[in-house]
Amino acid sequence: MVLLRRVIGDALRARRQGQHRTLREVSSAANVSLGYLSEIERGQKEPSSELLAAICDALGARLSEVLREVSDTVALAEQMPGVLVPVADESAEPVGRPTVRKVAPQGVRQVTADGPVSVAVRQDSPLKATLRTTRVRPAERDVVCAA
């Protein structure tokens with residue numbers, strides 16, 4: 001199961017980091033406490049629609065863009081059920097330590113209405129995984145998986 005609050009948090013954090021901005025800068029611009037914004041980005045809290053709109057505004061992003069990205073990630077998770085199944089691997093790191101697993105090449109790239117998408121999977125525990133999608137720009141099409 002993909003938690004919606006985790007996917008929303010990942011999308012917001014990726015946008016913030018892509019702009020090389022700090023939590024403090026964005027929390028101030030969105031008029032939300034730094035700690036609460038951090039909890040949202042880590043998927044521990046689910047923002048209200050009003051707060052999500054304020055954070056998007058502070059990031060200079062349209063709410064519809066962020067929700068579309070979240071929707072694409074959830075859709076990929078639904079289409080790739082094997083990704084969310086725990087992998088029995090003796091060399092895997094112990095439960096509780098996040099690991100990054102690259103999905104098999106046939107599941108790495110999906111084509112959406114906006115173009116190809118690469119997928120990174122972080123297995124947090126046997127029952128919890130985080131998917132991160134990245135739009136593949138024409139020059140990056142050789143990339144197998146963004147981790």
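**Close-up views of a predicted model**

**View 1. The end of helix 1 and the residue that follows.** Just after helix 1, H20 takes a positive phi of about 55°, and this value, like the others in these legends, belongs to a predicted model. Most residues other than glycine have a negative phi, and most peptide bonds are trans. H20 is not a glycine, and yet its phi is positive. The residue lies in the loop between helix 1 and helix 2, and with a relative accessible area of 74% H20 is exposed, because exposed means over 50%.

**View 2. Helix 1 along its length.** Helix 1 covers residues 4–18, which makes 15 residues, and from its first C-alpha to its last it reaches 21 Å, close to the 21 Å expected at 1.5 Å a residue. Its buried residues are R6, V7, I8, G9, D10, A11, L12 and R16.

View 3. V70 is found in helix 5, which runs over residues 63–79. Is V70 buried or exposed? Its relative accessible area is 5%, and V70 is therefore buried, since buried means under 20%. When residues up to four places away in sequence are not counted, V70 touches L4, V7, I8 and A11; V7, I8 and A11 are also among the buried residues of helix 1. V70 and D10 stand 60 residues apart in sequence, while their C-alpha atoms are 8.9 Å apart in space.

**View 4. The crossing of helix 2 and helix 3.** Two packed helices are described by the angle between their axes and the distance between the axes. For helix 2 (residues 23–30) and helix 3 (residues 34–41), the axes come within 9 Å and cross at roughly 110°. Helix 2 is therefore roughly perpendicular to helix 3, because angles of 65 to 115 degrees count as roughly perpendicular. On the side of helix 2 the contact is made by L23, R24, V26 and S27, and on the side of helix 3 by L34, L37, S38 and E41. Sorted by kind, the residues of this contact divide into four nonpolar, two polar and two charged.

**View 5. L34 within the contact.** L34 has its place in helix 3, and with a relative accessible area of 32% this residue is partly exposed. Which residues does L34 touch, not counting residues up to four places away in sequence? They are L23, R24 and S27, and these three belong to the helix 2 side of the contact described above. The C-alpha atoms of L34 and L23 are separated by 6.2 Å, although the two residues are eleven residues apart along the chain.

**View 6. N31 in the loop between helix 2 and helix 3.** N31 is found in the loop between helix 2 and helix 3. Its phi is near 60°, a positive value in a residue other than glycine. At 71% relative accessibility, N31 counts as exposed.

**View 7. The protein chain as the setting of these views.** The protein chain has six helices and four strands, which follow the pattern α-α-α-α-α-β-α-β-β-β when read along the sequence. Of its 147 residues, 37% count as buried, and the chain exposes about 8,600 Å², of which carbon and sulfur atoms supply 52%.

Conventions
Residues numbered from 1 in each chain as written. Predicted model: local features only at pLDDT ≥ 70, side-chain atom pairs only at ≥ 80, totals over all residues. Heavy atoms only, no water. Helix = DSSP H or I, 4+ residues; strand = E, 2+ residues; numbered from the N terminus. Expected span 1.5 Å × (residues − 1). Buried < 20%, exposed > 50% of the residue type's maximum accessible area, 1.4 Å probe, protein only. Areas by Shrake-Rupley, 256 points an atom, 1.4 Å probe, with all protein chains shown as cover. Axes fitted to C-alpha atoms, helices over the stretch in contact; angles between N-to-C directions. Parallel < 35°, antiparallel > 145°, perpendicular 65-115°, else oblique. Contact = heavy atoms within 4.5 Å. Nonpolar A, V, L, I, M, F, W, Y, C, P; charged D, E, K, R; others polar.
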